[in-house]
Amino acid sequence: MGNATPPSREPLALYAIGLGSNRRHARYGDPRAVLLAALAALESDDIEAVDASPIIASDPLGPSRRRYANAVALVASALSPPELLERLQAIEIAFGRRTGQRWSARTLDLDILLWSGGIWSDGALVVPHPAIERRAFVLGPLRAIVPEWQHPLHRRSVRQLAARLARPKPVDRGAAAH
């Protein structure tokens, strides 16, 4: 027996991935089934599924009229944020994603929401997702699986961000009556 030491392995980074769909897919079916297929497609040699939120229904943003199915997946990977983004975009394309109008109906949308490495910003990607604190359809599923994950910029947990978003907004008493 020698004194060989096993190679040291860095712990895998954790990523919270937002999933959304509001179009049927010819092979997978309705948007809920598309998300289940996308969750399976995320798993690979270098992406390990850790947890997934329940799938919720949400109203669309922008011009789309179709309701969305949304969920969040927690994955572990040694991939860098740009490498993971490239992988997510390849999955979207495999599911028939077409580029076009922002917020239009889509078969599959995958976004990096949070990364255990904190903050990433380059010309193609910003992590944490810049709109995370304003989107209940993201914070609700995220809170279901990682309620205590701290947003690196706001210094609040996902649970706190979700509670803040749900809090009633003050009424502007000075606004003119309609």
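## Helix pair α3 and α4

Axes here are lines fitted to C-alpha atoms, for helices over the stretch in contact, and angles run from 0 to 180 degrees between N-to-C directions. The model is predicted. In it, the axes of α3 and α4 (residues 158-166) come within 9 Å. They cross at roughly 140°. The crossing of α3 past α4 is left-handed.

Which residues of α3 and α4 meet? From α3 come A136, L139, L142 and R143. From α4 come V158, R159, L161, A162 and L165. Seven residues of this contact are nonpolar and two are charged. No polar residue takes part in the contact of α3 with α4.

The peptide bond from V127 to P128 is cis. Its omega is near 5°.

Phi of R155 is near 55°. That is a positive value, and R155 is a residue other than glycine.

## The largest pocket

How much space lies in the largest pocket? The volume is about 940 Å³. The lining of this pocket counts 39 residues. Closest to the pocket centre are R97, R106, D109, D111 and H129.

By class, 20 lining residues are nonpolar. Eight are polar and eleven are charged.

## Elements behind the lining

Several strands and helices each supply at least two residues of the pocket lining. The strands are β1 (13-21), β4 (68-77) and β5 (109-115). The helices are α2 (81-94) and α3 (136-145). Which element gives the most to the lining? Strand β5 does, with five residues.

Note on methods:
Residues numbered from 1 in each chain as written. Predicted model: local features only at pLDDT ≥ 70, side-chain atom pairs only at ≥ 80, totals over all residues. Heavy atoms only, no water. 1 Å grid on protein atoms, 1.4 Å probe; cavity = no way out; pocket = protein on both sides within 12 Å on 5 of 7 lines; lining within 4 Å. Points joined across faces, edges and corners; volume = space filled by probe spheres on them. Helix = DSSP H or I, 4+ residues; strand = E, 2+ residues; numbered from the N terminus. Nonpolar A, V, L, I, M, F, W, Y, C, P; charged D, E, K, R; others polar. Left-handed = near helix turned anticlockwise from the far one by under 90°. Contact = heavy atoms within 4.5 Å.
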